[in-house]
Amino acid sequence: MKVGGWQRSLGLVLLVAVGAFGTLACGKKKTEATPASSSSAATGPKPLSPELAAKTLAKVGDRVITLGEYAAALERMDSFERMRYQSPDRRKRLLDEMIDVELMAQEARRRGLDKAEETQERVRQILRDQLLDELKKGGPAAAELSDADLHAYYDAHKDDFSEPERRRVAGIVVDTKAQAATVLAKALKADASAWGQLVDQYSNTRGPRPSAPAPNELAGDLGIVGPPGHPRGANPRIPEPVREAAFKATAVGETYGSVVEADKKFYVIRITSKTDARARSFEEAQRAIRTAVVQSRVDEKEKALEKDLRAKFPVKVDDAALEKMPMPPPSAAPQSPSVPPPGGAGALRAPGGLPGMPRLPGITPPPAPPPQ
């Protein structure tokens, strides 16, 4: 097996390799000798006594897998996934998968892959995510927030609960101003069907089309934009001069009366639809407000922690060295970074395999049980 393949597979497995998997063994499952019923699978595993949680379930080299760790693996599953492990054979299969993970983790350490920079970066990101998860604990849940807190947040962030007017823009895009002027003269007189014919005849960018024999209202569609300057109104397919012109046109179905130049192209544009601006009332936005308040408090805790850590562990940056860093051209940028970007623990997890772990060679979740 190639080293690169092992490195891509490690992810959370290194937490097993460094012993962190054991910290998850909080122990919340009945003993293996007592098969769980379907109702217990739906309500979740029952707590284990400390003595049962510490019981050795398997030994892999010097590593001990306890009954508590096995219970924790079951607890991390949703109720549907847990149903797959009700029979003794299936529960034995889960243990075998845990053993296989540990075997490969030990082999990865033997090969020195736990010291690889890519692996270390993944571990750092995982540990960061675990720390951020800890910050979410202890504060009030969204349902426990007071009305005063909710109203205060709503009053301070009303713009966040307002939707601007939005307009859908269609365009005929050509290379020269003279050609655009010719097209504009025809487009000003065109109905929807004639507009579609002009798009077919002249435009370099036709956009999606409705299937025939539907009318051509969406011919040359560029997308939807909000008012110029609005932080949520931009569209990467629509240059700013086109966006500005779209809000100078006054009626749906109207062709804007001037050629618009943007990015060395010339646009003849038409407004095909629009939605009016709308502000959500406190009552309408209350559910979103609760979520936003909880997140804002987590963000405040995170900023405070970062400030405290920078004071505790002084940070020095060599700006001159950073400026000398050569950047690859855009065409050389990898399509899929070898190290996933920040974005939560989920960004580091792949589907399949053990719950909360990436899929590894030889670990495949069993199929769902057949319907009764």
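Lys92 counts as partly exposed, at 40% relative accessibility; buried means under 20% relative accessible area, exposed over 50%, and partly exposed in between, using a 1.4 Å probe and protein chains only. This is a predicted model, where local features need pLDDT of at least 70 and side-chain atom pairs count only at pLDDT 80 or more, while totals for chains, interfaces and linings use all residues. Residues are numbered from 1 along each chain as its sequence is written, and side-chain values use heavy atoms, with hydrogens and water left out.

**Salt bridges**

- Side chains of opposite charge can pair when their charged atoms come close.
- A salt bridge here is a side-chain nitrogen of Lys or Arg within 4 Å of a carboxyl oxygen of Asp or Glu, and a search of the whole structure turns up 21 of them.
- Back to Lys92: its salt bridge partner is Asp96, with the closest N and O atoms 2.9 Å apart.
- Lys92 and Asp96 are four residues apart in helix H7 (residues 88-110), so about one helical turn separates them. Helices (H or I, at least four residues) and strands (E, at least two) are DSSP runs, numbered from the N terminus.
- Asp96 is partly exposed too, at 32% relative accessibility.
- Glu107 and Arg111 also meet in a salt bridge, at 2.8 Å from N to O, and Arg111 is partly exposed with a relative accessible area of 39%.
- Then there's Glu284 with Arg278, whose closest N and O atoms are 2.7 Å apart. Glu284 counts as partly exposed at 45% relative accessibility, and Arg278 does at 44%.
- Arg63, Glu69 and Glu102 are linked in a network of salt bridges.

**The hairpin**

- Arg63 turns up again here, as the bridge partner in E2 of Val60.
- Strand E1 (residues 56-60) and strand E2 (residues 63-66) run antiparallel and are joined by four bridges; two strands pair if DSSP finds at least two bridges between them.
- The hairpin of E1 and E2 has two residues between the strands, and Gly61 takes a positive phi near 65° there.

**Aromatic rings**

- Rings of Phe, Tyr and Trp (its six-membered ring) pair if their centres lie within 6.5 Å; planes under 30 degrees apart count as stacked, over 60 as edge-to-face and the rest as tilted.
- By this rule the count comes to two aromatic pairs.
- One of them is Tyr154 with Phe161, a tilted pair with 5.7 Å centre to centre and 35° between the planes.
- Tyr154 also pairs with Phe282: the ring centres are 5.7 Å apart and the planes sit at 80°, so this pair is edge-to-face.
- That pair links distant parts of the chain, since Tyr154 is in helix H9 (residues 147-156) and Phe282 is in helix H13 (residues 282-312), 128 residues apart.
- Tyr154, Phe161 and Phe282 form one aromatic cluster. Tyr154 is buried at 12% relative accessibility, Phe161 at 6% and Phe282 at 9%.

**A charge over a ring**

- Arg167 lies over the face of Phe247, 4.8 Å from the ring centre. For this label, NZ of Lys or CZ of Arg must be within 6 Å of the ring centre and within 35 degrees of the ring normal.
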